[in-house]
Amino acid sequence: MKVRASAPTKVTLFGEHAVVYGFPALVMAIQKRVEVTASKTSDGVVRIELPELSSIGLKLEIRNGEVEIKKVQNALKHASYVVETIKELQKRANQSCGAKIMVKSKLPAGVGLGTSAAVIEAVGLAYSTLLGITMDKKEIAQLAKHVETLVQGKSSGMDASIISQGGIGLFRLENETPVLQRLEAKEIPIVIAYIKKVIPTGEAVARVKAIFEKHKDITETIFEAICAITEKATRKILENDLNSLGELMNLNHGLLCSLGVSNLRLEQLIHLARDAGALGSKITGAGFGGSIVCLLKNEESAKNVCQVLKPFCDGVFLAKRDNIGAQVQIIGS
Ligand code: MEV
């Protein structure tokens with residue numbers, strides 16, 4: 001049997017970091033999909049290839065003709081999402097099967113756009129199909145949250161939820177349970193630019209937590225303000241009021257800065273985008289590097305902002321909403 005599975009990545013439009021403390025976040029799936037092909041093999045061995053993702057974080061040095069691997073943490077970490085997904089499915093099914101699995105990604109890992117959850121969901125759907133198990137969207141999202149927690153320590157389940165469902169929605173943790181309310185909103189012109197992250201998401205969340213613990217009264221007020229912005233942005237997106245949405249993005253960015261998650265390169269991108277005509281721009285994801293999201297008034301203006309940002313980042317693109325979510329199909333017997 002041969003299968004093809006894929007899952008979109010995602011962008012957080014409003015509410016990151018506050019979402020960890022039970023406040024809502026507005027999140028959207030994007031059409032930069034992780035693609036997986038998998039076929040059953042008879043020798044019982046699972047072989048995995050990640051041609052793009054596995055090179056992330058790999059640092060090599062050649063001294064006197066000898067190759068020394070200096071840093072493989074991120075590479076191994078990304079492969080761990082795949083390995084833990086396979087192991088978890090084998091455990092749940094109480095059976096195993098040999099497979100050849102190829103994972104391809106349109107986006108690099110670790111830039112705050114949900115590649116981890118997308119990898120888990122696409123690999124999970126592909127391998128479970130080979131095992132003869134059918135997983136619905138809720139089950140695949142639960143698997144992704146579980147594997148993310150195993151590999152990175154903690155996960156709100158936000159990426160897992162929107163990536164399984166696709167579309168745009170308001171996410172929140174209700175008594176630690178992920179709840180996604182999908183919204184019927186028009187497509188909005190969005191540009192995303194990314195640079196390499198300085199620290200991983202888990203550490204970014206821990207740094208914000210340290211500020212929260214030290215200045216609880218003030219930080220709580222900041223999270224409440226972010227919550228008010230996210231709720232207003234939800235109404236404005238339904239009204240397709242782009243000017244207000246842009247202003248709300250700038251307000252959200254200011255509050256993220258106050259939590260200490262911005263840096264010089266991100267600020268440069270944020271202000272270049274605004275100067276080039278973005279209605280609003282903000283960090284998206286955990287910060288300390290990673291991605292920014294900009295709102296534009298139309299596609300032409302979006303293309304212009306892409307050109308302006310290009311020399312200052314590692315990648316920039318016009319983001320289209322994905323309305324399908326994670327999916328799998330059998331392509332051969
Ligand atoms: C990371 O993309 C967003 C954070 O809010 C963490 C999370 O939601 O798990 C910083």
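Q: What makes up the domain assignment of the protein chain?
A: The assignment gives domain 1 (2–61 + 69–183) and domain 2 (190–319), with bounds that come from an automatic or database domain assignment. Residues are numbered from 1 along each chain as its sequence is written. The model is a predicted one: local features need pLDDT of at least 70 and side-chain atom pairs count only at pLDDT 80 or more, while totals for chains, interfaces and linings use all residues.

Q: How do you know which residues of domain 1 and domain 2 are in contact, and how many there are?
A: Two residues are in contact if their C-beta atoms, placed from the backbone, lie within 7 Å. By this criterion, 24 residues of domain 1 are in contact with 31 residues of domain 2. Strand 1 (2–14) and strand 2 (25–41) are the elements that give two or more residues to the side of domain 1 that touches domain 2; helices (H or I, at least four residues) and strands (E, at least two) are DSSP runs, numbered from the N terminus. Strand 1 supplies the largest share of that side, four residues. The centres of the two domains, taken over C-alpha atoms, are separated by 23 Å.

Q: How many residues surround the ligand, and of what class are they?
A: A residue is near a molecule if its C-beta atom, placed from the backbone, lies within 6 Å of it. The ligand is surrounded by 13 residues, of which E16, V19, S156, G285 and A286 are the closest. The shell holds five nonpolar, seven polar and one charged residues, where Ala, Val, Leu, Ile, Met, Phe, Trp, Tyr, Cys and Pro count as nonpolar, Asp, Glu, Lys and Arg as charged, and the others, Gly among them, as polar. Domain 1 and domain 2 each provide at least three residues of this shell.

Q: What decides whether H17 is called buried or exposed?
A: A residue is buried if 20 or more other C-beta atoms lie within 10 Å of its own, exposed if 12 or fewer, and partly exposed in between, with C-beta atoms placed from the backbone. H17 has 26 C-beta neighbours inside 10 Å and therefore counts as buried. H17 lies in the loop between strand 1 and strand 2, and its phi is near 70°, a positive value in a residue other than glycine.

Q: What puts the buried residues of helix 9 on the same side or on opposite sides?
A: In helix 9 (residues 299–309), the buried residues are A302, V305, C306 and L309. They cover an arc of only 105° around the axis, so they lie on the same side of helix 9; the arc is that of the directions from the helix axis to the C-beta atoms. An α-helix has 3.6 residues a turn, so residues three or four places apart point the same way. The face turned away from the buried side carries the exposed residues E300 and Q307. What covers the buried residues of helix 9 includes strand 9 (190–195), helix 8 (264–275), strand 11 (290–295) and strand 12 (315–319).
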